[in-house]
Each structure stands twice: as structure tokens, then as C-alpha cells.
Amino acid sequence: MFGELRGELLRFLAARTGDRVEAEDLVQELWLRVSTAEPGPIGNGRAYLYRIAQNLVLDRVRERRRRERRDGEWADTQTIKVAGEAADARPSAADVIIEREEAAALAAAIAALPEGAGRAFRLHKLEGLPHAEVAAQLGISRSGVEKHIAVAMTHLRRALKD
Amino acid sequence: MNDAILEAAALWHQGQARDDMDWDGFTAWLEADPRHREAYDDIALLDERVDNARGAILASLPANDGEASDDHFEARFPARRPYLAWGGIATALLVAVTAGSWWASGPSLPATTSYAAAAGQTRTVAVADGATATLAGGSRLDVAKGAALTLAGSAYFDVRHDPARPLTVNVSGFEVRDVGTRFDINSDGKTIRVAVAEGKVSVAASGGAVPTEVTAGHAVVGDVARGTVTLVTAAPASVGAWRSGRFIYDQVPLSLVAADIARYTGHPVTVAEGVAQRRFSGVLAPGDRDSMVASVRQLAGVSVRREGDAVLLGGTGG
């Protein structure tokens, strides 16, 4: 299965990362993952491989951005504080505040969404209903739900751009 | 970056959960313009931020939209208000968890201690230095001194990082091994699911199978008879949400949802073979068996049939 799809997965990963070398590396990691995991019966093996590939890429993107942000914060700290403290230990109380601020910022942006997009977004993303169920509840098509949520995500991205 | 690109990225992102996702089309879209990749990264990470903060966002959003159309909305979807009004229930259950906390101490500790939580209740116990387990109603955990834990049912684990002493939980022929994390295990004896909210665990069928690593935001579903596992995504906010009185499901096999309801209410709920492995996503308000089963029927579109004292989901003829 993997052998047949290796070529297209590599092409996908190169497009997804924009980096041929990283794509090769990820294909290798993907192969290791599926060959050791013995994933068992899967309905759609191709979609399964693509989804794992997506997760691997996102893990890296997330880690890269976190590192960039941390480096930025560290630099800020150094310019303000003359005698630097240990750079790592951020008190957990501060983490709690950051989490709360994050949720408040997201909630405010969600509250400001256009009505239809906001309702579809809340039902699907916050209340956890599948697309089909949201479509039934709002009396629109499934693709209409996806369009609403895409509009909502675009608004949120604009509102939360750091 | 323009809105059209972000919208397209968000549409592709939603499509990937579907089995008929056009992966070739997605690849071609990514190749067409380097901005597409960047937009997709932004959307995927934003989606994750929302998932991670879901509980807190719900808590800080107003309880209803305050619009004239709300009555209409409410009438069509009676399940909505209970969900938004759960704050009180969650608080009550948290109190119950605290009151139920108990740790057998003293010199007469037997070799194996069994902890059980009654139907509809949760119970938090200290299972090792720096590790606690919160048992879902109707579940049992056996703790042997210096040995692995054995779980029947469902429990949430919170383990302080200690590489020298990993915690191992045996459940229905699988071994879940952890060195510092928060995760949730659920088993009905035929299917297990291990979902990770923080950190990383490894899951393997007992008897030396190669373990599968499960990181935060993911879960594995294990087939007990075959000893195989399947990796899926799982919103961290959904992991162990039952502890605060919310049954939040993200791609959970229907058989485990039924097992949760049965344990929580203390009344049997079974699932027809044909739909047992169907993935269920949605939120159930805690209640009696009939109301919880009715929500599942509505959300999953499965039939419900009574057979004596038991309730069968997804049987034929419905």
C-alpha cells in the first residue's frame, strides 16, 4: 500500500511544506510510523496515510512557530531586564492568565462573526456537531455549512492576526 | 494574503476529515501558489487553537444569541439549552469528585486495592506518587503495589513526569504506558480508546507487540480481538471532559459511547455489530438513559430498540 503511494505522498508533502528535503524526511517518518504501528483494519488506507502526513507536517509547523515566538519573547525579555533570570520557568499562574486571555480573545472574535457563519461555526466547532447535523439544523446544504465555516475561519484569522 | 485564499484553505481543511477528500486536488492547489501553503498553515493552527480553548470559549460566550429567531431555534433543537446550562451541573460534579477523593493509606494496605465508582458518580484516587486517576461511573481500577494498574471501564489519568517510573495501565489486553501526561482510557471489553490531552503515551497489545506512540491531540482505537490499533485525531478539550459533566466526543466508536451511557446511568445500552465501530462526534448532556440515548439517536441517526431491560442502538428495522 505504502509503496504504491510513496510517490504521490512525496509530491504532496513537497507541496505541503515547500521543501523537497523536508518532504523526503517526512515520507521516511511516515513510513516508520505506519510500518511499526500495525494500524489494522482501516476503511480508507489512502486517506489514512494522507491524514497522518498532515499531522506530521502540522506538528513541525507548530513547533517551528512556537520556537520563533519563544525566541522573540526571550529577546524582548533581554532588552527589558538588565540582570536576566532563568529564561525558562514561566510561573503557572502566568500560564493560566495567558490561557484565559487566549480564550477571551477567541470568544470575542467568535461573538463578532457574521450571523450565519457564526452560528454554523459555533454548532460545529464549539458544540461539536458534525457538518451533516449542522446542515440539518440550519436547513442549508452541507457545502453551505462548509462555506459558512470557511468564512468564519477567515474572519477569525483576520481578527486574531498577531 | 487575500480572503479568497484563506477561505479556500479553510474549505480544504474541513474536507480532509471526509473519506472522499480530493487529495490530488489539494496537492495541485498547494502547488499552484506558495501563499496557499502559508494560508493552510494559518488555518490549521487557528483551528487547533479553537479546539484547545473550546471549553473556556464556551464558558465566556453569552448563553444565547439574544435574537428574535432564538425561540424558533430553541424549539427545533431542544438539546441546546441543557448544554449551555451545564455550568451548574459541572460545578456539582466537581464537588462530588472532590468529596469522593480517597486514598488508602496506613500500614494495612493490602497487596491489591480495588477502587470502584458507582453509576453516575466519578471518583478520584491517587494511584502512585504524583499520579491520580479519575474513574468514570461504573468503572473499576485495581492497584497492585509495585505493579501495573488494571482498568475495567473508563478513567482519566494525570501523571507527573517521572521517566524513571513510567506508569503502566492494563486494559482489555492492551498496555498503555506513560511517563508524564494527561490521558483518558475507555474500554467496553471489545474496543479500547486512549486519547491524549497532554504529553505522550504508548499503547501496545499485551505480549510484546510494537507500541504505537500517541501524542496530544490524538487517540488510538484498539480492537481487542485482533490486538490492532488505529490512530485518529482527538480534540484535547474533549479528552476527559466527562469529569466535569460533559460527554464530548470526537470520532469515538459508537460502542464506547454506549458503554459510557450504560456506566453513567447504571442501565444496559448495547450497539448492533454493524454500527459499533461507527465514529461518533458530538456532545451529550448528562441525564437518564432515555434522554442520552435519544440524543445519540438524533446526532448519529441510528435506530433505538428496547429489548427487555436493555436498549439496542442501530438494530435493524428502525
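Begin by selecting helix 7 of chain A, residues 142-160: its 19 residues should span 27 Å at 1.5 Å a residue, and its end C-alpha atoms are 27 Å apart, which agrees. The expected span is 1.5 Å times one less than the number of residues. Helices here are DSSP runs of H or I with at least four residues, strands are runs of E with at least two, and both are numbered from the N terminus. The model is a predicted one, in which local features need pLDDT of at least 70 and side-chain atom pairs count only at pLDDT 80 or more, while totals for chains, interfaces and linings use all residues. Residues are numbered from 1 along each chain as its sequence is written, and chains are lettered from A and ligands numbered from 1 in the order in which they are written.

Remain on helix 7 of chain A and colour by burial. The buried residues of this helix include A:Val145, A:His148, A:Ile149, A:Met153, A:Leu156 and A:Arg157. A residue is buried if 20 or more other C-beta atoms lie within 10 Å of its own, exposed if 12 or fewer, and partly exposed in between, with C-beta atoms placed from the backbone.

Now display the whole of chain A. It has seven helices and zero strands, and 30% of its 162 residues are buried.

For the interface, select the 46 residues of chain B that are in contact with 48 residues of chain A. Contact requires C-beta atoms, placed from the backbone, to lie within 7 Å. Elements giving two or more residues to this side of chain B include helix 1 (3-15), helix 4 (54-60) and strand 14 (228-233). Helix 3 of chain B gives the most, with ten residues. By class, this side has 25 nonpolar, nine polar and twelve charged residues. Here Ala, Val, Leu, Ile, Met, Phe, Trp, Tyr, Cys and Pro count as nonpolar, Asp, Glu, Lys and Arg as charged, and the others, Gly among them, as polar.

Within chain B, select the open sheet of seven strands, whose order is 1-4-5-7-8-11-12 with mixed pairing. Strands pair if DSSP finds at least two bridges between them. Strand 1 (112-116) and strand 12 (212-215) of chain B are the edge strands, each pairing on one side only. Inside the sheet, strand 5 (residues 149-152) and strand 7 (residues 167-171) of chain B pair in the parallel sense over two bridges. Zoom in on B:Thr150, whose bridge partner in strand 7 is B:Asn170.

From B:Asn170, move to B:Ser206, which touches B:Asn170, B:Gly173, B:Phe174 and B:Glu175, not counting residues up to four places away in sequence. B:Ser206 lies in the loop between strand 11 (200-205) and strand 12 of chain B. Because 13 other C-beta atoms lie within 10 Å, B:Ser206 is partly exposed. The C-alpha atoms of B:Ser206 and B:Glu175 are separated by 5.7 Å, although the two are 31 residues apart along the chain.

Finish at the largest nonpolar core, where A:Ala53 and B:Val194 touch the most other members of its 117 residues. Such a core is a set of buried Ala, Val, Leu, Ile, Met, Phe, Trp, Tyr and Cys residues joined through C-beta atoms within 7 Å. Helix 8 (residues 254-265) of chain B gives the most to this core, with eight residues. Centre on B:Val194: leaving aside neighbours within four places in sequence, its contacts include B:Val176, B:Phe183, B:Ile185 and B:Val214.

Note on methods:
Contact = placed C-beta atoms within 7 Å.
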